[in-house]
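Visitor: I am new to this structure and would like to learn how to read it, one feature at a time. Could we look at it together?

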Amino acid sequence: MSHYEAPIRKPLVTGDKSYHDVTVDVAAPVEGRANKTWWIVFSIALVAFLWGVGSIIYTISTGIGTWGLNKTVGWAWDITNFVWWVGIGHAGTLISAVLLLFRQKWRMAINRSAEAMTIFSVMQAGLFPLIHMGRPWLAYWVLPIPNQFGSLWVNFNSPLLWDVFAISTYLSVSLVFWWTGLLPDFAMIRDRAITPFNKKIYGILSFGWSGRAKDWQRFEEVSLVLAGLATPLVLSVHTIVSFDFATSVIPGWHTTIFPPYFVAGAVFSGFAMVNTLLIIMRKVSNLEDYITIQHIELMNIVIMITGSIVGVAYITELVIAWYSGVEYEQYAFLNRATGPYAWAYWAMMTCNVFSPQFMWFKRLRTSIMFSFFISIVVNIGMWFERFVIIVTSLHRDYLPSSWTMFSPTFVDIGIFIGTIGFFFVLFLLYARSFPVIAQAEVKTILKASGEKYKKLRAEHGDDVKHYDPIVREPVSNTEEGVHKRVQDSEDYDVTRDDDSHNETVNVDGLVISEVVRDRIDAMLDRIGTFNPETQTADDLRKLKAVGPFLAQRLHQVGIYTYVQVSNLTQDDFELLDEVIENFPNAAQREDWVAQAGKLKNK
């Protein structure tokens, strides 16, 4: 039965959008020219990226002695940035996989950007351990394969090796998940392409997607399987990253709260980065009707909740250090709050604990500018969290003679800024090449969560009348009415769209091609369209070889009456055979036109 949602809920798609409007709006950034805003942001990102490339080249040609490392603080700027980027990559899989499993509709406009963010951020994270090797061209030495050194093997007991397997698995699953979701959108761009080159490229990218029912069935199954695989990765990846620290015996690191604490922090920073990207993307790509204030508000609520969890973790660390009675542990945390790096600690506390609490106020969490500001503040605070954990725990160890201060060099700063530039370069190019909104999924919620339909329900109340061609009488949309439709139609699927007589909007479940949709519109113009207010739908099941399933499919195309069937031509039957899976062959549908002609005169 069709899903009904109370009118009081805010629409997830604003504006008077039809199904065709969604297609045009989503395809516009790919098919059109980049606007001025896009070029400004891309130019800034490109400059930052080139600065980072120069710093990396200088590092590799000179050695990592160009960084601000010393014997005490060996894990400093680069590992801080590595953990920060891995954390940012968390929200993509969380939004896509977990919210998919929980059937949260608000994910549909933002999951594509979140998934792309995951891919690009993990790529940035992988750069730091690679450069940290000093000789990245020998990176294959860390692979567990036989080599020229005989018994030189990686240490399988090391969490650093677990990182390699966890993050590579996470990247692989996220990449497949992302690409699978893109297939219907690639096909949509393919079918709209004008130049043969674009049609060929997007045809390859879409893997032959045809939009038939079998394609959608497999699409749903694969999406659920991948979501089920990816959900444990959300917990495992950053848990294993936390083991890099928690399995050591260094005060400030040796604590069992790190796994859940790191996971919550990763989701926190990831959602903040998604918020940053969405606010930029809705402006640059003119997607304000799809990435709405409602989406931003829900993201802010998640940020507020995870920020509170992180705040509890900070307090728990302090309490456990005090309660342990271990003077080294107590000193490590006292040094964080009052020592030479106290400025970093209190910056972390301000950004991560105090700033998200403003989201309790609806006026602030629904403000675009304030949300953008807080999302940047949160990401700055999460960077400081990693900096505080790593540097303040190392710069004063057990030997006072080894105490030192860490300060980054221009090369450290350049590489970090370069990865930020690289991330935005990739994301902006992605936004110009791939659809940033999952248009096929957004269309599935348009009837329930589109502003136009919300207004209709608000005007007519809950008891909106829908004409049901099976029971041949108006049926209420109340619970009793829905129950009556189900009882009367038995296994008949009444989730069809009721305005299919106006345009072939409900055919999106059968075909994704714009060309085929135009052909169906042309067919309906010729054979006649159905108006439920002035016409009565006929029982198409009286036609030979037409059962409930096929009748439903004909309704999806827009065919409801015997008059329409009697006007069908051979070309129309070929089109229906192309659109409807298991459509009867010529022998099975013999005399449909003649049968319809007789039935319409009764």
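This is a predicted model: local features need pLDDT of at least 70, side-chain atom pairs count only at pLDDT 80 or more; totals for chains, interfaces and linings use all residues.

Visitor: How many helices and strands does the protein chain have?

Guide: The protein chain has 24 helices and two strands. Buried residues account for 55% of its 602 residues, and, among contacts between residues at least 6 apart in sequence, 78% join residues that are at least 24 apart. The chain exposes about 26900 Å², of which carbon and sulfur atoms supply 64%.

Visitor: How should I read two helices that pack against each other, and at what angle do the axes of α3 and α9 cross?

Guide: In general, two packed helices are described by the angle between their axes and the distance between the axes. Here the axes of α3 (residues 77–88) and α9 (residues 258–284) come within 7 Å and cross at roughly 70°. Angles of 65 to 115 degrees count as roughly perpendicular, so α3 is roughly perpendicular to α9. On the α3 side the contact is made by V83, W84, G87 and I88, while α9 contributes F262, A266, S269, G270 and M273.

Visitor: Can the idea be carried over to a whole helix, and how many residues of α21 are buried?

Guide: For a helix, one asks how many of its residues fall below the cut-off. Helix α21 (residues 548–557) is mostly covered, with eight of its 10 residues buried, among them L550, R553, H555 and V557. After α21 comes G558, whose phi is positive, near 120°.

Visitor: How do I read a salt bridge, and which residue pairs with K362?

Guide: One looks at the two partners, the distance between them, and where each of them sits. The structure holds six salt bridges; in one of them K362 pairs with E297, with the closest N and O atoms 2.9 Å apart. This pair links distant parts of the chain, since K362 is in helix α13 (residues 362–365) and E297 is in helix α10 (residues 293–324), 65 residues apart. K362 is partly exposed at 41% relative accessible area, whereas E297 is buried at 6%.

Visitor: Which residue does D572 bridge to?

Guide: D572 forms a salt bridge with R526, and their closest N and O atoms are 2.1 Å apart. D572 belongs to helix α23 and R526 to helix α20, 46 residues apart. D572 is buried, with a relative accessible area of 3%, while R526 counts as partly exposed at 46%.

Visitor: Finally, which residues make the nonpolar surface patch?

Guide: A nonpolar surface patch of about 480 Å² is made by L130, M133, Y140, W141, V142 and L143. L143 lies in the loop between α5 (111–132) and α6 (159–192), and L143 is partly exposed, with a relative accessible area of 43%.

Note on methods: Residues are numbered from 1 along each chain as its sequence is written. Side-chain values use heavy atoms; hydrogens and water are left out. Patches are made of residues with over 30% relative accessible area and no salt bridge: like charges are joined within 9 Å, nonpolar side chains (Val, Leu, Ile, Met, Phe, Trp, Tyr) within 5 Å. Accessible areas come from the Shrake-Rupley method with a 1.4 Å probe; for residues, only the protein chains shown count as cover. A salt bridge is a side-chain nitrogen of Lys or Arg within 4 Å of a carboxyl oxygen of Asp or Glu. Helices (H or I, at least four residues) and strands (E, at least two) are DSSP runs, numbered from the N terminus. Buried means under 20% relative accessible area, exposed over 50%, partly exposed in between (1.4 Å probe, protein chains only). Contact means heavy atoms within 4.5 Å. Axes are lines fitted to C-alpha atoms, for helices over the stretch in contact, and angles run from 0 to 180 degrees between N-to-C directions. Angles under 35 degrees count as roughly parallel, over 145 as roughly antiparallel, 65 to 115 as roughly perpendicular and the rest as oblique.
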